[in-house]
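Hi everyone, thanks for coming. I'd like to walk you through one protein chain today, so please have a look at the picture.

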Amino acid sequence: MSTMKAIRVHEYGGPEVLKYDDAPRPAPAAGEVLIRVHATSVNPVDVAIRQGYFKERMKYNLPMIPGWDVSGVVESAGSGATRLKPGDEVYSRPDLARDGAYAEYIVVRESEVALKPKSIDHTHAAAIPLTALTAWQALFDAGHLSPGQSVLIHGAAGGVGHFAVQFAHVKGARVIATASKRNHEFLRSLGADEVIDYSTTKFEDVVHDVDVVLDTITGETQDRSWQVIKKGGIYVSILQPPNQEKAAAHGVRSAHVFVQPNVAELDEIARLVDSGKVKPHIERVFPLKDARAAQELVATHHTRGKVVLAVR
Ligand SMILES: NC(=O)c1ccc[n+]([C@@H]2O[C@H](COP(=O)([O-])OP(=O)(O)OC[C@H]3O[C@@H](n4cnc5c(N)ncnc54)[C@H](OP(=O)(O)O)[C@@H]3O)[C@@H](O)[C@H]2O)c1
C-alpha cells in the first residue's frame, strides 16, 4: 500500500496528540476525486475535534486526519466523477465526518469540490472554503441580507468575520463590526463602516435597529444582541442555537447555521476573489509538520483572518 505524510490524531486530547505520521494514501471511490493537497487551513473546529468534542456526533475511527479546508490539484477521479479531471486546480470544504486535509492527499466527493479562484495561489485559496461558506450561508441563506440593509458582525476580524465583512460590503449593506482596537484599521480596509472596540464599548449602547446580527461569539453576546435588532430583523448564530423565546419577546427572528457544502457558492466566492472584491487574509503560514503550533495559535481565539498549513 502506498503511503503519504499526514498529521493524525491517535487519541483525543491536547495539542501533543497531533502526530506527523506515515499514513495510508487514500483512493477515490465512485463519485469521488483524489486531491493532491497543496495547502489546508486550521479552523477552531479542528481544535474542538482533536479535543474529542465531536466524537459522539461524527464517530471517527482513530487515528483520524483533521483539516476541513483544501486547495490542491485533482490527481485522479473515481468512476462516475466526470465534472473534474486530473490537473484541475480545486478547493473544497470536505465532509467533517471524514478524514481531512492535514495530509499530502485527500479524497473528497466530487459534488463538494469547486475550481479554485485563478488569481490567487493555493495557500490563499485554502484559507477560503470553510469560513467563507459559513459567512455566506449565515448572511445570505439564513439572514437574507440585501442592499441598503445594516448588519452587525460580532468577531469580525476572525476567519468567518473577515469574509462576512467583505461579503456584506460588496452586497451594499452598511457594516458594523466588533473587534479589539488592533483590528480596526484592518476591518475598515475590508469595508466596515463602523468598528466597535468590544473591550471598551458595549455595542448595545451604540448600535440600534440593525436588520441582521451575525454572531460568531455567542454566550452573553447573544443575550445582549436582541435589543439592537429592529422588529422583524434576524439574529444568526454560528455557534449556540438562539434562544427562541427571547427572539419572540423582542419581535425578531433567529437562525442557527452549520456550514454545508455548496459548489455554486464556492464558484460565486471564487468569482468575487478573481474580481478583486474579496481577499482572504492570512495571519500566518506553517509547514504541515508544525500543525501543533498552528492549532495552538488558533486556540488563542485572537488570530486575524486565517492560519494556513502549507503541504506542498
Ligand atoms: N457553525 C459553523 O458552521 C461554524 C463555521 C465556522 C466557525 N464556527 C465557529 O465560529 C467561531 C468563529 O470562527 P472563526 O473561524 O471566525 O474563529 P477565529 O478566526 O478563531 O476568530 C478569532 C477572532 O475572534 C475575535 N474575537 C475574540 N473574542 C471576541 C469578542 N468578545 N468580540 C469580538 N471579537 C472577538 C478576535 O478578534 P480580536 O483579536 O480583535 O479580539 C479574532 O480576530 C468559532 O467558535 C468556530 O468554531 C462555526
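Let's begin at histidine 144, which sits just after helix α4 and takes a positive phi of about 50°. Before I go on: this is a predicted model, where local features need pLDDT of at least 70, side-chain atom pairs count only at pLDDT 80 or more, and totals for chains, interfaces and linings use all residues. Residues are numbered from 1 along each chain as its sequence is written.

Now, α4 itself covers residues 129-142. Helices here are DSSP runs (H or I, at least four residues) and strands are runs of E, at least two, numbered from the N terminus. Is α4 buried or exposed? Of its 14 residues, 12 are buried, so the rest of the structure largely encloses this helix. Among them are Pro129, Trp136 and Ala142. Buried means that 20 or more other C-beta atoms, placed from the backbone, lie within 10 Å of the residue's own.

Next, the domains, whose bounds come from an automatic or database domain assignment. Domain 1 is 3-128 + 280-310, and domain 2 is 131-256. Their centres, taken over C-alpha atoms, are 28 Å apart. Eight residues from domain 1 and nine from domain 2 make the contact, meaning C-beta atoms, placed from the backbone, within 7 Å.

Finally, the ligand: 30 residues surround it, and Ala157, Gly158, Gly159, Ser180 and Val259 are the closest. To count as near, a residue needs its C-beta atom, placed from the backbone, within 6 Å. Elements giving two or more residues to this shell include α4 and α5 (159-171). Each domain supplies at least three shell residues.

Notes: Contact = placed C-beta atoms within 7 Å.
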